[in-house]
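Trainee: Hi, could you walk me through this one? I'd like to get used to reading a structure.
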Amino acid sequence: MELVKDLPAIFEEFSEQRKNAFLRMHELKQQGKPFVGGFCTYLPKELPLAMGACMVGLCSKDGETIPEAEQDLPRNLCPLIKSSYGYAKTDKCPFFYFSDLIVGETTCDGKKKMYEMLAEFKPVHVMELPNSQSPMGKKLFAEEIKKFKEKLESHFETTITEEQIKEAIHKTNEQRKALKAFYGLQKMDPAPMGGLDMHRVLDGVQFRFDMERATEEVKALTQKVIDEYDPEKYRGRKRILLTGSPIGCSTQKVVNAIESNGGVVVCYENCGGARSVDELIDETNPDVYDALAKRYINIPCSCMSPNPGRLELMDRLIDEYKIDGVIEVVLQACHTFNVESYKIKNYVTEKKGVPYMFMETDYSSTDAGQVNTRVGAFIEML
Ligand code: BJ8
């Protein structure tokens with residue numbers, strides 16, 4: 001596939017994917033396509049894909065509906081949870097509106113209690129995600145994945161074969177490989193692109209319902225970035241790894257602060273970045289449920305206890321991406337990432353000898369000035 005537009009226009013197109021997806025979803029619904037909506041990386045999207053449904057990430061990334069959510073939920077709750085509920089309550093998320101089934105997982109406490117409330121608006125299926133990656137945890141999750149398959153079959157009056165699941169696994173693995181090759185370009189020194197452009201692609205691709213075509217586009221874009229590499233563009237910039245909670249619309253606030261103060265984001269460890277893409281599903285495992293369970297439960301989110309995979313992933317990313325500094329951004333009232341930041345800080349500074357900075361934020365822009373000042377001071381001392 002050849003991409004005719006120039007790079008800024010292509011990056012912009014990826015950032016428009018979410019808006020365009022509203023219309024596309026409407027068209028596909030009219031053609032009778034089923035939709036399954038989710039919020040979290042632990043959802044094994046291969047099962048809805050295997051039955052020919054589309055998967056869509058539900059709105060939860062900005063503060064637009066938080067005031068309405070706060071009428072029912074505590075104010076001192078994570079903004080991601082309030083936003084998810086607010087969009088469902090106000091019916092302002094077209095993806096939620098068009099979804100036939102909403103799927104949640106028992107990750108953090110606030111989220112799992114919020115899923116109970118979502119059931120007032122839509123059919124909701126909650127997968128019981130063990131918070132431990134022990135052999136027993138993996139076994140339990142494999143059973144939960146089977147239950148999820150049965151739920152899809154009864155809800156949509158269809159059958160899902162193991163052959164279809166294998167095909168879906170192959171497709172999602174191909175997309176993971178393409179995305180890894182794309183964000184892996186940032187291992188180049190100087191970096192070939194800015195962190196916001198990288199984020200636009202990682203985020204936008206999730207709103208493309210034709211997965212195979214989206215994968216081809218990512219591959220073509222990767223080649224185009226290589227062909228047009230200008231080492232002068234980001235020469236001398238401090239190479240930053242971002243980690244912590246998924247921060248939705250605040251990504252722009254934080255990345256702008258980093259990149260206007262002499263840094264460049266070369267790696268996202270967060271969901272949407274390496275945490276959710278890095279590991280492939282074992283296509284040689286004849287037991288598809290075991291293969292899915294092993295891969296999904298290994299996602300190193302802080303809701304796992306203990307969570308050694310996150311340190312292992314950070315260790316590797318810091319070396320591979322030649323990281324000068326780690327910035328951890330945690331959403332307000334996100335207790336799991338907040339508590340885990342102690343271990344992350346110690347590991348990064350003591351084991352890896354890399355400077356680390358922590359900050360807490362929400363979806364508003366009221367702290368943009370403070371974020372900019374703190375990030376500027378951090379990058380200056382690198
Ligand atoms: S796999 S990171 S998408 S749970 S920020 S709602 S943890 S209080 S979003 Fe997440 Fe899945 Fe993990 Fe990824 Fe709770 Fe924290 Fe809020 Fe969070």
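Trainee: Thanks! Is Phe35 buried or exposed?
Mentor: Phe35 counts as buried, because its relative accessibility is 0%. Buried means under 20% relative accessible area, exposed over 50%, and partly exposed in between, with a 1.4 Å probe and protein chains only.
Trainee: Before we go on, what kind of model is this?
Mentor: This is a predicted model, where local features need pLDDT of at least 70 and side-chain atom pairs count only at pLDDT 80 or more, while totals for chains, interfaces and linings use all residues. Residues are numbered from 1 along each chain as its sequence is written, and side-chain values use heavy atoms, leaving out hydrogens and water.
Trainee: Where do Phe35 and Phe209 lie?
Mentor: Phe35 is in strand E1 (residues 35-38) and Phe209 is in the loop between helix H10 (195-204) and helix H11 (211-227), so the pair ties together parts that are 174 residues apart in sequence. Helices (H or I, at least four residues) and strands (E, at least two) are DSSP runs, numbered from the N terminus.
Trainee: And is Phe209 buried or exposed?
Mentor: Phe209 counts as buried, because its relative accessibility is 16%.
Trainee: Which residues do ring pairs link into a cluster?
Mentor: Phe22, Phe95 and Phe207 are linked that way.
Trainee: Switching topic: in what order do the strands of the sheet come?
Mentor: The order is E2-E1-E3-E4, an open sheet of four strands with parallel pairing. Strands E2 (54-57) and E4 (124-127) are the edges, each pairing on one side only. Two strands pair if DSSP finds at least two bridges between them.
Trainee: How many bridges join E3 to E4?
Mentor: Four bridges join E4 to strand E3 (residues 101-105), and the two run parallel. Glu105 stands opposite Met127 in E4.
Trainee: Last one: which residues come nearest the ligand?
Mentor: Of the 17 residues around the ligand, the nearest are Cys40, Cys108, Cys271, Cys301 and Cys334. A residue is near a molecule or strand if one of its heavy atoms lies within 4 Å of it.

Conventions:
Rings of Phe, Tyr and Trp (its six-membered ring) pair if their centres lie within 6.5 Å; planes under 30 degrees apart count as stacked, over 60 as edge-to-face and the rest as tilted.
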